[in-house]
Amino acid sequence: SKRYTITLLPGDGIGPEIISVAKNVLNLTASLEGIDLRFQEMPMGGAALDLTGVPLPEETLLAAKQSDAVLLGAIGGYKWDANEKHLKPETGLLQLREGLKVFANLRPATVLPQLVDASTLKKEVAEGVDIMVVRELTGGIYFGKPRGFSKNENGEEIGFNTEVYAGYEVDRIARVAFETARKRQGRLCSVDKANVLEASMFWRKRVVAVSSEYPDVELSHMYVDNAAMQLVRYPKQFDTIVTNNIFGDILSDEASMITGSIGMLPSASLGESGPGVFEPIHGSAPDIAGQDKANPLATVLSAAMLLRYGLGEENAAKRIEAAVLATLDRGFRTGDIYSSGTKLVGCKEMGEEVLKSVDSQVPAA
Ligand code: NAD
Ligand code: IPM
Ligand code: MN
């Protein structure tokens, strides 16, 4: 049977709780699909800081590079918030993305029929929404130089960052987005701030140039402030969205809420080659960590994306996605997606119910 090594990076806060659920789901799915999965768990984020003094130990990055895919929980927490930049858990996550060159971050926001009532938007606005946010992940203001702290000409302290994109960076994320849109409804909306920012004017120019390679995809442009508004006004207008690192970060959190909860949104971070990183879009949720309250489904769905995009194991991915739907059909809900008439469960119990759903499935034809 096919053999793969998965690097597990549980991280901080709810990270270990949700990774434990996803690992069990992967294990059972793999055994049913005849796939041989090996797991190697490595420290990352605050957990790595406490253990080794750095947020992304060399051994962790090396293990990740040598494996077939990385499944990450979440990192960060109050304990490390005041740390210097290079000793923040978040810096470790950026180093991981940069180290694995995973420049394309796919964040699907799909409103499941079972969860229409969990959305804070009206049923008629939320139902049927199916958006893929393609976020540039290794460039822009997150990585641009110059950056830092200094003093201005008046001797006043300042902090500064730089939004910068090279042509090749825009072109490659645009191509991923056009390819993605082509396999969906064929509509791509590029979100920028080209009315103000040079980096966005340049972004738009390069996206337009790449669009000539994709005459079958309908390209539109939208300013980010309007996009934030349109997402809650009439989200069904969007099919695929492509945007820079920071706008993608913000808009995907916003889009997640249309689906009911940030606890539902998975992601895949992919490069030209090498292992991808798969993680929920949410953070370590320190406010509910250790209380068995976290929704593990974003991580379980990230495991499905790992199988699909990371390993090419489409049947196994579908099996997990079907099991999540079946579990919701059977009425189980964590607190974040609870609505009256459903069964409130914790993180562990949700995991056990997903396992039952995986187990009781009729194998795909
Ligand atoms: P967050 O996403 O951790 O939490 C925001 C809110 O959503 C909280 O109320 C939380 O309880 C809730 N929530 C998040 N995930 C949930 C889940 N699975 N089930 C139920 N509720 C859930 O964002 P934050 O509070 O701004 O950040 C907390 C920490 O996480 C910070 O240190 C931040 O830097 C870090 N962070 C890490 C990642 C990552 O690891 N990829 C992503 C975002 C934030
Ligand atoms: C995310 C997070 C990260 C980001 C942080 C923790 C560095 O918010 O994965 O969405 O901003 O990319
Ligand atoms: Mn984020």
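**Close-up views of a predicted model**

**View 1. The largest nonpolar core of the protein.** This core holds 107 residues, and the members that touch the most others are L71, V134, V300, A303 and I320. Helix α10 (residues 297-310) supplies the largest share of the core, nine residues. The model shown here and in the views below is predicted.

**View 2. Surroundings of V300.** V300 is among the core residues that touch the most other members. Residues up to four places away in sequence aside, V300 touches V21, A22, V25, I320, V324 and V354. One of these partners, I320, is likewise listed among the core members with the most contacts to other members.

**View 3. The shell around ligand 1.** Ligand 1 is surrounded by 21 residues, of which G76, G263, H282, G283 and N295 are the closest. By class, this shell consists of ten nonpolar, seven polar and four charged residues.

**View 4. The shell around ligand 2.** G76, E90, L93, L94, D249 and I281 are the residues around ligand 2. Three of the shell residues come from helix α4 (residues 89-99), which gives the most to this shell. Sorted by class, three residues of the shell are nonpolar, one is polar and two are charged.

View 5. Is I281 buried or exposed? A residue counts as buried if 20 or more other C-beta atoms lie within 10 Å of its own; I281 has 25 within that distance, so it is buried. Beyond its neighbours within four places in sequence, I281 is in contact with R107, S252, D253, S256, I262, L265, S267 and A298.

**View 6. The whole chain, for orientation.** The protein has twelve helices and 14 strands. Its radius of gyration is 20 Å, close to the 21 Å given by the globule rule for 365 residues, so the protein is as compact as a globular protein of that length. The C-alpha trace spans about 65 × 50 × 40 Å along its principal axes. Of the 365 residues, 50% count as buried. Among contacts between residues at least 6 apart in sequence, 74% join residues at least 24 apart.

View 7. An unreviewed UniProt entry places the feature "domain: Isopropylmalate dehydrogenase-like" at residues 5-354. This span is 41% helix and 19% strand, and its end C-alpha atoms lie 23 Å apart.

Key
Residues are numbered from 1 along each chain as its sequence is written. Chains are lettered from A and ligands numbered from 1 in the order in which they are written. This is a predicted model: local features need pLDDT of at least 70, side-chain atom pairs count only at pLDDT 80 or more; totals for chains, interfaces and linings use all residues. A residue is near a molecule or strand if its C-beta atom, placed from the backbone, lies within 6 Å of it. Helices (H or I, at least four residues) and strands (E, at least two) are DSSP runs, numbered from the N terminus. Ala, Val, Leu, Ile, Met, Phe, Trp, Tyr, Cys and Pro count as nonpolar, Asp, Glu, Lys and Arg as charged, and the others, Gly among them, as polar. A nonpolar core is a set of buried Ala, Val, Leu, Ile, Met, Phe, Trp, Tyr and Cys residues joined through C-beta atoms within 7 Å. A residue is buried if 20 or more other C-beta atoms lie within 10 Å of its own, exposed if 12 or fewer, and partly exposed in between; C-beta atoms are placed from the backbone. Two residues are in contact if their C-beta atoms, placed from the backbone, lie within 7 Å. UniProt positions are given in the numbering used here, feature names are shortened, and annotations may be inferred rather than shown by experiment. The radius of gyration is taken over C-alpha atoms; the globule rule is 2.2 Å times the number of residues to the power 0.38.
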